[in-house]
Amino acid sequence: MDTQLNAITTIFTEFYYWVTIPLMFLIHVGFCMYEVGASRRRNHLHTLMKNSMIIPLVTITFFFFGWWIYWALPNGPFITGGILWEDAAANAANSPTMGTNLDDRITGVFWAAFLLFSWTAASIVSGAVIERINSGAFWVLAVVIGSGAWIIDAAWGWHPNGWMVQLLGYHDAYASGVIHAIAGGFALGVLCVLGPRLGKFAPDGTPRNILPHNPWMVAVGLFIIYTGFWGFYVACNIPIISPEEIDGVIVGTTWTATTIYLTPTSLSAITFNFLMSLSGGMLVAFAVSKGDAFWTYSGGLAGIICASAGNDLYHPIQAMFVGCIGAFVAYKMHHFVERRFKIDDAVGAVAVHGYAGFAGLIIAGFLLWGHPSSPYDGYASINPLGQFLGAIIMFGVLGFLPGWIVAKILHAFGLLRIPREIEILGLDFQDMQMEREAATEVRDAKRALV
């Protein structure tokens, strides 16, 4: 920090990203409440611990190799260039910047912001598979998406020099595809192998509605996720940058905040659009679900996710209508896929994140057609074909396919799903038995004293 201005900029940037981390932590708190509330009483502890253990497992693996992938693979590799060994070396686990270092105050908080995105991707999958997946199998899947698949798509479509940005004009400012479509696709791939919960479908194939044991906990969990999404949106920006540092065609005369692509934006813009897309999603979800609380709140989330690809550039009214479309698509697609293909997505995660995120990418291709995708000369502009191909890559190639393949491998070894008897008794049956025995022992001891 050679000047006072550089010192202030560095400290502000450090604090900016640091604040996003506890805000995004609330997303994980919300997911835990949401999933426990949606599960039945006999599965509470298993559901909670299955999701909670994402934190240490993904954190450690992301430190050792996930972060390296983002910096190493923006070129594919071998699509627009090779592996960026030098860039990646500075972000490897043994690099001096990956620890206490007064000469680098940004890497730790920027790494942590991306880490919280990893937790979010894994948590999205977690909700879809509750009440029948083996915990160990899920943790393998969580590492695959949290420290592998999603960070590859971030390198391709979220890095300022990612090959998808360069060649396709891919634009996904707040991660409709980079986080949500890939996680939804991954969850769908796992569900195709895992199968439905026992009793979900009647003998004639009609789906039964397995109600959450605590709808209040589900609602509060979703509101906490909304709150955490403020941190998610802010972490997708770079808080302040000099236009001289953006060596391209989109430059200004003053310092500015930018998106992850280094294109100018502001917190004011995304505040308008976040709230308008949330509102549009909630209104439509309330209407199409006939006032169902679960889908009303989930629809608000689908609205945000659908508009996220272009919420740096949309007008607020556009964001509202895109949010409306996202909620409608999520609700209708969830029930169609459930009936037609017998997919038991316990919390609608594939629909809210996957289908809404996929739709949001395509919509952005039309609404933002011709707008520069990057400040750099020679990059493709935003276009419908590029966004459609990007949606296929996110949802299908890096989402569904890895989820299905890894789930197939785990299933082949008999590790994916819990035994039928345990599913009937409940995943917490043994713990509940031990609790009852302990309570009985204490009660008998008290009686003996009397």
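## Residue classes and model

In the classes used here, Ala, Val, Leu, Ile, Met, Phe, Trp, Tyr, Cys and Pro count as nonpolar, Asp, Glu, Lys and Arg as charged, and the others, Gly among them, as polar. The structure described is a predicted model.

## Second largest pocket

By these classes, the lining of the second largest pocket divides into 10 nonpolar, 4 polar and 6 charged residues. This pocket has a volume of about 410 Å³, and of the 20 residues that line the second largest pocket, N209, I210, L211, F294 and W295 are the closest to its centre.

Helix 11 (293-307) and helix 12 (316-341) each supply at least two residues of the lining of the second largest pocket, and the largest share, 3 residues, comes from helix 12.

## Largest pocket

The largest pocket has a volume of about 640 Å³ and is lined by 25 residues, of which T13, Y17, I106, I238 and I241 lie nearest its centre. Two or more residues of the lining are given by each of helix 1, helix 3, helix 5 and strand 1 (238-241), with the largest share, 5 residues, coming from helix 1.

Sorted by class, the lining of the largest pocket has 15 nonpolar, 8 polar and 2 charged residues.

## Helix 2 and its cover

Within helix 2 (residues 44-52), the buried residues are H44, H46, T47, K50 and N51. What covers the buried residues of helix 2 includes helix 1 (4-38), helix 3 (54-72), helix 5 (107-128) and helix 6 (135-157); among these, helix 1, helix 3 and helix 5 also give residues to the lining of the largest pocket.

Definitions and conventions:
Residues are numbered from 1 along each chain as its sequence is written. This is a predicted model: local features need pLDDT of at least 70, side-chain atom pairs count only at pLDDT 80 or more; totals for chains, interfaces and linings use all residues. Side-chain values use heavy atoms; hydrogens and water are left out. Buried means under 20% relative accessible area, exposed over 50%, partly exposed in between (1.4 Å probe, protein chains only). Helices (H or I, at least four residues) and strands (E, at least two) are DSSP runs, numbered from the N terminus. Contact means heavy atoms within 4.5 Å. On a 1 Å grid over the protein atoms alone, a cavity is a set of points where a 1.4 Å probe fits but cannot get out, and a pocket is an open set with protein on both sides within 12 Å along at least five of seven lines; lining residues have an atom within 4 Å of a point. Grid points are joined across faces, edges and corners, and a volume is the space filled by probe spheres set on the points.
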